[in-house]
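Here are a few exercises to work through with the viewer open. Try each one yourself before reading the solution.

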Amino acid sequence: MKSIRLCIVIPCYNEEEVLPLTAPMFREELQRLMEDTQVSSDSRILFVDDGSSDRTWELIQNLASQDQCFMGIRQSRNRGHQSSVLAGLMEAMPDFDITISIDCDGQDDLHAMEEMVKAYEKGCEVVYGVRSDRSSDSVFKRGTAQGFYRFMKLLGADVVYNHADYRLVSSKVLREFANFEEVNLFLRGMIPLVGFPSTCVYYERHERLAGKSHYPLKKMLKLAFDGITSLSVKPIRMITGLGILVALVSFIGVIWSVVEFFLGQTVSGWASTTSIICLVSGVQLISLGVIGEYIGKIYLETKKRPRYIISERTENAQTPREKPQI
C-alpha cells in the first residue's frame, strides 16, 4: 500500500438534495483508489459546509458518524465558495500529502482523480482538472465563460483555460500558498502564481445530479471581477491609455473649433456639444468605477480580517497540528 495520503476537499452550500447522491460516489472513488494502491488507506473526504441554511451540516455529521472516511468542518457563516475551498485546503494541509478539491454537485468526472494522482507520482505538484468541452452548458454560459478566460489572458492573468476549482495540490505547494494573504480570493488564478511543476488532466463535465446551481449570473460576474482586479492592473493602464486618447481627440477638436471660428464657418450646435459632454462624462464615470474597484479591494486587504472561521467540526476532524496564519 502506498503512503500517499489524499484528502478530497468538497465545499458545500445548501446541498441537502445532492449530497446523499454524491457522497457515496466520492466514497466509492476513494475506495477504488485505495484498493488500486494509488493512495493510502488513511485517506479521507473532507466536506466544508459554507454556512448552509438547510440540512447540509446535519447530513455531513451523519456521514462522519457512520464512516470514518468522511470528515466535516463548518464555517461560522456563509463566506462564499472560494473561502470554503481555502478553508478545506488549509485544514487538510498538515496531515495529508495531497488534496483534490471538487464541487459537491457530481458534475466533475471523479475518475479524473486517478489521472491526477498518477501525474503527481510523476513529479507534478499541481494538476488542473480542465473541461474538454462545454456541451453541457447553455449557449449563454458557454459564451460568457470562454470570453472570460480569453479576457483574463488578454489582461495578463495566468489562468488555465476552462479550469475551475477541480485540482490536485500537494502539501508542498499549500505550505507556500499559505503565505498568500489576500482577502479577495480567486484561487484558480492564485494557485498558478505559486509555481512548481504542473500539468492538466482533461475530462467531460456532466449535468448536475440534483438541486440547483448556487452560482447564478450575479455570483459569476462577481467572481469574474474579483479575478480581473485581483490578478491584473491592466484595466487601470487601459484607462490611462483611454484618457490619453480622449485628451488627444479633445485637443484636436479644440484646434478645429478655433480654426473654424476664425474662418467664420462656425454654427451653433447644441447636439454636438451635448454628445461630446456625454461621451467624456461616460468615460470618466467608467474610469472612476474601475479605479474605485481597486481602491475597495485595497480597503478590504488592509483590514486583515480572517478569510474563514470554522465554528464546528465533526468528531473525527481533528484541529490541524500546525495551522497556518490566515
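This is a predicted model: local features need pLDDT of at least 70, side-chain atom pairs count only at pLDDT 80 or more; totals for chains, interfaces and linings use all residues.

**Rings, a charge and a greasy patch**

**Exercise 1.** Find out how many aromatic pairs the structure holds, then classify the one formed by Tyr166 and Tyr203.

*Solution.* Start with the count: there are three aromatic pairs. Next, take Tyr166 and Tyr203: their ring centres are 5.2 Å apart, with 80 degrees between the planes. Planes over 60 degrees apart count as edge-to-face, so this pair is edge-to-face. Now place the partners: Tyr166 belongs to strand β6 (residues 163-170) and Tyr203 to strand β7 (residues 198-203), so the pair ties together parts 37 residues apart in sequence. Finally, check the cover: Tyr166 is buried at 2% relative accessible area, and Tyr203 is buried too, at 5%.

**Exercise 2.** Work out which class the aromatic pair of Phe177 and Phe180 falls into.

**Exercise 3.** Which ring does the charged end of Arg5 sit over?

*Solution.* Look at Phe96: the charged end of Arg5 is 4.4 Å from the centre of that ring.

**Exercise 4.** Is Leu245 buried, partly exposed or exposed, and what does it form with Leu242 and Val249?

*Solution.* First locate Leu245, in helix α9 (residues 234-262). Its relative accessible area is 49%, so Leu245 is partly exposed. Together with Leu242 and Val249, Leu245 forms a nonpolar surface patch with about 260 Å² of accessible area.

How values were computed: Residues are numbered from 1 along each chain as its sequence is written. Side-chain values use heavy atoms; hydrogens and water are left out. Patches are made of residues with over 30% relative accessible area and no salt bridge: like charges are joined within 9 Å, nonpolar side chains (Val, Leu, Ile, Met, Phe, Trp, Tyr) within 5 Å. Accessible areas come from the Shrake-Rupley method with a 1.4 Å probe; for residues, only the protein chains shown count as cover. A salt bridge is a side-chain nitrogen of Lys or Arg within 4 Å of a carboxyl oxygen of Asp or Glu. Helices (H or I, at least four residues) and strands (E, at least two) are DSSP runs, numbered from the N terminus. Buried means under 20% relative accessible area, exposed over 50%, partly exposed in between (1.4 Å probe, protein chains only). Rings of Phe, Tyr and Trp (its six-membered ring) pair if their centres lie within 6.5 Å; planes under 30 degrees apart count as stacked, over 60 as edge-to-face and the rest as tilted. A charge sits over a ring if NZ of Lys or CZ of Arg is within 6 Å of the ring centre and within 35 degrees of the ring normal.
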